[in-house]
Amino acid sequence: MKHNLILRVVSKFLIPLIFLFALYVQFHGDFGPGGGFQAGIIFSTGIILYALVFGVASAKKVIPPYILRALASLGVLIYAATGVASLLLGGNYLEYGVLASTQVAGQHLGILVIELGVGITVMAVMLIIFFAFAERGRSEEECE
Amino acid sequence: MIESAVDITLLSLIAIHAVAIIRMRSLFAVIMLFGGFSFLSAGLFVAMDAADVAFTEAAVGAGISTILMLATLALTYAHEDVQKEEKQPTHKPWLPLSVVLITGGMLIYGTSDIPAFADPNAPAQKHVAPYYLKKSLPETGVPNVVTAVLASYRGFDTLGEVTVIFTAGIAVLLLIGGRRKSKIPFETRSNKE
Amino acid sequence: MKYIVEHYNYWLVIIIMMAGFYTVISRGNLIKKIAGLNIFQVSVFLLYISIGNVKDGATPIIEEGITLYSNPLPHVLILTAIVVGVATTALGLALVVRIKETYGTIEEDDIHNQDQSL
């Protein structure tokens, strides 16, 4: 689909909007519908659209696979580390109340941080899966 | 009244999609119908006041699942095979059909004990839900109750779910990550052994 | 009539569920089996959300002046189940790709013939 002008122009216009919307869903998830799971998926669809229109090889230049693998583990790590942090500050595991000065502020902070972890993991895993399917059975030249 | 009309219409359309998926033999059509099926169920989730779920289903079911199925179709059928049809079933449909009818009949008989649809006094609505609805805003400062329960009250549960997703990603990488070096057909390989 | 109005939702969900079940047990094509599994999965989601639905209830985002909300608990369970579901579906599809590469087919009967296992 590399030579389709309309697709190229429209997707160049759409992809930044998709990313913006994903970030909105991620950080506005506590006031409106949304959260880490949805934001991760929407963010990954932006890159999948890029890969479909401009080729998998150029999409892998945007996000190389080793970064994706690191991000997938980083998300889970952020989540688990939040729990450990609340343990160290004197609460139970994943008890966010102790993370800030007041109960409510701590809860809010904790929810934001773990939603970020969820979003990163979901985004990275979806892209790992998509790249694995897209590259299977193709030689190096075909991916160019 | 208008709510149940929307409900029945969407549910019937979803059921029609499901039956069409059974009857279609072209796999491309099956996958496209599955995308429509997911999108309609996302609409139904909105009609049943589950905005978060609808959001996820629209992005996941109609987006990612469909793309992954199309990718599998491209990997499993030859480019030249335009039809991409499944084989004519060789078995008679009577045995699976009777299993399905008996199971479905028993399940429908079982629904007679379920409280009425959308009944505000059903036990499911009286147990822990009122606590979350009343306490989540003062306790967590988050107006979206779904996010509050997901991330705070059931945070440990969600940690497990994220780990499952992570594990599935690793498993897919192990199974089909990286390029295949040689393409030895199955027959020749088994002769060598 | 009242009984029908109170239960039609569950019946239609069960019909969708059985459509998915039938696809899984009667078709030999592995891609179609996975589509059937997904239909089954979505029907379970629909069942949960119908149980959490409340007549005239609002979406569970707390706002001044609204007193009746839908039950948020099934929403939470299904939200995570959907994303886990797509991850497991991807795993199943990856297995299908590997089966195709090993056996050269994704029809169950042909695989059994090659293995002489039926």
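**View 1. Helix 1 of chain A passes helix 2 of chain A in a left-handed crossing.** A crossing is left-handed if the near helix is turned anticlockwise from the far one by less than a right angle, and right-handed if clockwise. The model shown here is predicted: local features need pLDDT of at least 70, side-chain atom pairs count only at pLDDT 80 or more, and totals for chains, interfaces and linings use all residues. Residues are numbered from 1 along each chain as its sequence is written, chains are lettered from A and ligands numbered from 1 in the order in which they are written, and side-chain values use heavy atoms, with hydrogens and water left out. Helix 1 (residues 5–27) and helix 2 (residues 36–54) of chain A pack at an angle of about 165°, their axes lying 8 Å apart. Helices (H or I, at least four residues) are DSSP runs, numbered from the N terminus; axes are lines fitted to C-alpha atoms over the stretch in contact, and angles run from 0 to 180 degrees between N-to-C directions. The two helices are therefore roughly antiparallel to each other, a term for angles over 145 degrees. Ala, Val, Leu, Ile, Met, Phe, Trp, Tyr, Cys and Pro count as nonpolar, Asp, Glu, Lys and Arg as charged, and the others, Gly among them, as polar.

**View 2. Helix 1 of chain B packs with helix 1 of chain C at an angle of about 10°.** The axes of helix 1 (residues 2–23) of chain B and helix 1 (residues 2–26) of chain C are 9 Å apart. These helices are therefore roughly parallel to each other, the term for angles under 35 degrees. Their crossing is left-handed. Leu11(B), Ile14(B) and Ile22(B) are among the contributors from chain B, and Leu12(C), Ile16(C) and Tyr22(C) are among those from chain C. The contact divides into 12 nonpolar residues, three polar and one charged.

**View 3. Chain B and chain C bury about 7,900 Å² between them, 75% of it on carbon and sulfur atoms.** Buried area is the accessible area (1.4 Å probe) that two parts lose on being put together, summed over both. The contact takes 84 residues from chain B and 76 from chain C. On the chain B side, Ile22(B), Asp49(B) and Phe117(B) lose the most area to chain C, together 9% of what that side buries. Three salt bridges are counted between the two chains, each a side-chain nitrogen of Lys or Arg within 4 Å of a carboxyl oxygen of Asp or Glu. Lys87(B) and Asp110(C) meet through their side chains in a salt bridge (2.8 Å, N to O).

**View 4. Chain B and chain A bury about 4,000 Å² between them.** Carbon and sulfur atoms carry 75% of this area. Chain B gives 42 residues to the contact and chain A gives 48. The salt-bridge count between these chains is zero.

Technical notes
Parallel < 35°, antiparallel > 145°, perpendicular 65-115°, else oblique. Contact = heavy atoms within 4.5 Å.
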